[in-house]
There are 2 protein chains.
Amino acid sequence: MKINRRKARPVEIGNVRIGGKYPVAVQSMTKTKTADIEKTLTQIKRLEGFGCEIIRVAVRDSEDACAIKKIKRGAGLPIVADIHFNWRLAVIAIESGADKIRLNPGNIYKLEELKYIVSAARLAGIPIRVGVNSGSLSRNFSSAKMPIHKKLVVSAMDYIRKIEKMGFRDIVVSLKASSVLDTIEAYRGIAGHCDYPLHLGVTATGLPFSGVIKSSIALGSLLREGIGDTIRISLTRPPEEEIKAGRLILQSLGLRHFGPEVISCPTCGRCEVDLIGMVAQLEKKLSSLGDLGGKKKPLKLAVMGCVVNGPGEAAEADLGVAFGRGQGLLFKKGRALRKVPVSRTIQELLKEARGLYV
Amino acid sequence: MKINRRKARPVEIGNVRIGGKYPVAVQSMTKTKTADIEKTLTQIKRLEGFGCEIIRVAVRDSEDACAIKKIKRGAGLPIVADIHFNWRLAVIAIESGADKIRLNPGNIYKLEELKYIVSAARLAGIPIRVGVNSGSLSRNFSSAKMPIHKKLVVSAMDYIRKIEKMGFRDIVVSLKASSVLDTIEAYRGIAGHCDYPLHLGVTATGLPFSGVIKSSIALGSLLREGIGDTIRISLTRPPEEEIKAGRLILQSLGLRHFGPEVISCPTCGRCEVDLIGMVAQLEKKLSSLGDLGGKKKPLKLAVMGCVVNGPGEAAEADLGVAFGRGQGLLFKKGRALRKVPVSRTIQELLKEARGLYV
C-alpha cells in the first residue's frame with residue numbers, strides 16, 4: 001500500500017520545500033513571547049532537536065516583528081511570522097527576514113493593506129500562508145448560511161483570488177476547524193479548488209490525549225487521501241510533543257521514516273512475560289541511540305507476547321521476538337534466528353538492530 | 001456534518017447489541033490470566049467503571065474456559081472468549097456461558113471442528129466473531145500472491161461462507177493488521193462483501209503514543225466512512241487507557257457522547273495566562289464530577305488563550321472563555337456573559353457547566 005499524493009505547486013520556505021514531491025514537513029509554533037529572544041531561541045533549538053522543520057512565531061507587536069531578525073541568526077530552521085489584525089506587522093516581519101508569513105483572512109482583509117503586504121512578500125521572495133480558522137472567519141462568511149467547512153473554503157478561495165489578481169502565486173493554504181469532520185471536509189474541498197500546498201491542522205484540539213486523537217483522525221484521513229504538504233499538531237502541551245505526534249502520524253502512514261518502528265501486542269492472559277515493561281525499556285533505549293534514530297532508515301521491530309500472532313508478526317518485521325514457554329524466539333528478516341532467555345531479549349534485539357544499521 | 005453508518009445486520013452479545021442503528025460499542029480485553037478469577041474480575045470491574053461495554057478474555061486451556069462461569073456471575077458486562085488452536089476450548093467456553101466466542105481462521109479451520117463449535121454456539125444462542133489477524137493467517141492464504149489486505153478479506157470470507165453453509169449467520173468480523181493502511185483497506189474490502197457487523201482494531205500497535213496514533217488514524221478513517229460497529233484499541237498499556245482512547249475517538253467523530261468535550265488552543269506567544277495548567281486543572285475537575293460525566297450529554301467547553309480565535313471558538317461552544325488584557329471573557333451558548341478574573345476562570349466555568357446540566 002502506498003499513498004498517491006496530490007500534486008501541489010512547490011513552495012520554498014527558507015531552505016525547506018513543500019508541495020510537489022517534497023516530503024510532508026513537520027512544523028510547530030513557539031509558545032514563548034517572540035520578543036523574548038533568548039527564551040524563543042531556546043525553545044526553537046529544542047524543537048529542532050526533536051525534528052521540527054519549520055517554526056512559526058506569534059507577532060503581536062512591532063517588538064515581536066523586529067525580534068525575528070535576531071532569532072533568524074540563531075535558528076537553524078525557517079521562521080514563519082504569524083500575523084493577525086495589523087498589516088504593518090506583516091511588513092516589519094518581512095523586513096526582519098521572516099521566511100514566510102501567515103495572514104488570517106478573518107482579520108486582515110482590506111485590499112490596499114493586502115496589496116502592500118503582497119508587494120513586500122514578492123520583493124523578499126517569500127510565500128504567504130492564507131490561514132483561515134473557524135474561530136476567526138470574517139463577518140462576510142461567518143454569518144453565511146452554509147456548513148462551516150464550506151465557509152472555510154469559500155473564505156480562503158476569496159482571499160486567494162485577490163492575491164492571485166496581484167500576480168502572486170507563492171501561496172500555502174490552511175483551513176482549520178476545531179471539529180474533526182469539518183476539518184476533513186474543508187481540506188477535501190480546497191484540495192479540489194486549487195493546486196497550492198496545504199498546511200494541515202486541527203485548531204483548538206484540547207486536552208493532550210484528545211488533541212492527539214483528533215489530529216490523528218483528521219490529518220491521518222487527509223494524508224491517506226494524498227492531501228497535505230506540511231502538518232502542525234496543535235496541542236495544549238509543550239511543543240516537542242507536537243513534533244513527536246506529527247512524525248508518528250507520517251511514519252504510521254509510511255509517508256516518512258524517522259527511525260525504527262516498534263510494534264508490540266497489547267498483551268492478554270496468554271502473555272507470560274512483562275511485555276509492557278520490556279517495550280517501555282526498548283523505547284527508552286532506542287530513543288537514546290542517536291546512531292539508530294538519526295539514520296532515518298525504515299526498520300520495523302516486533303515484540304510479541306505469545307504464539308498466536310507472535311511468530312507471524314515477528315517474521316514480517318525486520319527484527320522481532322515472540323515469547324512462549326519461558327523464552328523468546330528471535331526473528332530477523334523473516335527467518336527464526338535463535339532462542340534467547342527472557343531477561344536478555346531487549347539486549348539481543350538492540351544488538352541485532354545495531355547490526356542492521358552498520 | 002454527520003456520519004452515515006453502514007447498515008450491518010444486528011447481533012446480540014449478552015445485553016449489548018451491535019450493528020444496525022446500535023451505537024458503536026467500546027470493548028477491551030483483560031491482561032490477566034483468565035483462570036485467576038479474582039484478578040480477572042477486579043480488572044473487569046475497573047474497566048466497567050471506565051466505560052468498557054464488552055470484555056474479552058484469553059482462553060489458553062480448559063481451566064481458563066471453565067473460569068468463565070464464575071467470571072460471568074461477578075461481571076456486569078458481556079464476556080467474549082478468545083479461542084485459538086483448540087476447538088475443545090471453544091465448546092467448553094460456550095458451555096461456561098460465554099456471550100460470544102472469537103475464532104481465528106488461521107488456527108481453527110478443520111470443517112468438522114468448526115461444525116461442532118457452530119452447533120454449540122447455535123444452541124447457546126451466541127454469536128461468533130471471525131477474527132483474522134495478519135500475524136496468524138492460515139498457510140493457504142499467507143503464501144498467496146496478493147496484498148496483505150486482500151489476504152485478510154479472502155481468508156475471512158472463505159471462513160464466513162463455511163459458517164453460512166451451516167445455516168449460521170450470527171457473525172461478527174474483524175481483520176486486523178499491524179499496518180494502518182492495510183487495516184483500512186481490509187475493512188473497506190470486507191464492508192462491501194458482507195453485511196455482518198465489524199469489530200475494528202489495529203493489531204500490535206506498539207508503544208503507547210504510537211499505538212493511540214495508529215488506532216486513531218485507522219479506526220477514525222473507517223468510522224468516518226460509516227464502517228465499524230464495535231472497536232477495540234490495542235495498547236501495550238493498562239486496558240483502561242484503551243477504553244479512554246476508544247471513547248475519545250467516537251466522541252471526536254460525533255458518533256457518541258460520553259461527557260463534556262473540552263477544546264483549547266495550543267497557546268503561543270500571544271497567550272498571557274497559564275493555559276496549559278488551567279486546562280489540566282479543568283480536565284481533573286471535570287473527570288471527578290460524576291454528575292457531569294455521567295449524564296453523557298454533549299457539552300462543548302472552550303478555553304482559548306487570546307483574542308484571535310478565542311471569542312469565535314468560545315462563542316461556538318456551549319460554554320467558553322477567551323483571555324485577553326488580564327481577564328477572561330465568559331461565553332454561554334454563543335453570547336458573552338461577563339468578565340472574570342483569570343484566577344477564578346476555571347471555577348466560574350465549572351459553575352456554569354453544572355448549571356447547564358440541572
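In this predicted model, Ala322(A) has Leu329(A) of S14(A) as its bridge partner. The two strands concerned, S13 (residues 319-324) and S14 (residues 327-332) of chain A, pair in the antiparallel sense over six bridges; strands are DSSP runs of type E with at least two residues, helices are runs of H or I with at least four, and both are numbered from the N terminus. Pairing requires that DSSP finds at least two bridges between two strands. S13(A) and S14(A) belong to an open sheet of five strands in chain A, ordered S11-S12-S13-S14-S15, in which the pairing is mixed. Strand S11 (260-264) and strand S15 (335-341) of chain A lie at the edges with a single partner strand each, so one side of each has no neighbour in the sheet. On average, neighbouring strands of this sheet are turned by 20° against each other, direction ignored.

The loop between strand S13 (319-324) and strand S14 (327-332) of chain B holds Arg325(B), a residue other than glycine with a positive phi, near 50°. Arg325(B) is exposed, its relative accessible area being 82%.

Turning to the parallel sheet, eight strands of chain A form an open arrangement in the order S8-S7-S6-S5-S4-S3-S10-S9. Strand S8 (171-176) and strand S9 (199-200) of chain A are its edge strands, each pairing on one side only. Helix H2 (residues 62-74) of chain A packs on this sheet and touches strand S4 (54-59) and S5 of chain A, while the direction of H2 makes about 150° with that of S4(A). Contact is taken as heavy atoms within 4.5 Å; axes are lines fitted to C-alpha atoms, for helices over the stretch in contact, and angles between N-to-C directions run from 0 to 180 degrees. Within the sheet, S5(A) runs parallel to strand S6 (residues 100-103) of chain A, and four bridges join them; Ile83(A) has Leu103(A) in S6(A) as its bridge partner. Between strand S5 (79-83) and helix H3 (87-95) of chain A, the loop contains Phe85(A). Phi of Phe85(A), a residue other than glycine, is positive and near 70°, and Phe85(A) is partly exposed at a relative accessible area of 44%.

Strand S3 (residues 25-29) of chain B has five of its five residues buried, so it is largely enclosed by the rest of the structure. In a regular strand, side chains alternate between the two faces of the sheet. Accordingly, Ala25(B), Gln27(B) and Met29(B) point one way from S3(B), Val26(B) and Ser28(B) point the other way, and all are buried. S3(B) pairs in the parallel sense over three bridges with strand S10 (residues 230-232) of chain B, where Thr230(B) stands opposite Ala25(B). S3(B) also pairs with strand S4 (residues 54-59) of chain B, in the parallel sense and over three bridges; there Ile54(B) stands opposite Gln27(B).

Helix H9 (residues 239-252) of chain A has 14 residues and should span 20 Å at 1.5 Å a residue, which agrees with the 20 Å between its end C-alpha atoms; the expected span is 1.5 Å times one less than the number of residues. Eleven of the 14 residues of H9(A) are buried, so the helix is largely enclosed by the rest of the structure. Among them are Glu240(A), Ile243(A), Arg247(A) and Leu250(A). Gly254(A), with a positive phi near 70°, follows H9(A).

The model scores ipTM 0.94 and pTM 0.94. Chain A has a mean pLDDT of 93, with 97% of its residues at 70 or more; pLDDT is the predictor's confidence in each residue, from 0 to 100. Residues are numbered from 1 along each chain as its sequence is written, and chains are lettered from A and ligands numbered from 1 in the order in which they are written. Local features need pLDDT of at least 70 and side-chain atom pairs count only at pLDDT 80 or more, whereas totals for chains, interfaces and linings use all residues, and side-chain values use heavy atoms, with hydrogens and water left out.

Methods. Buried means under 20% relative accessible area, exposed over 50%, partly exposed in between (1.4 Å probe, protein chains only).
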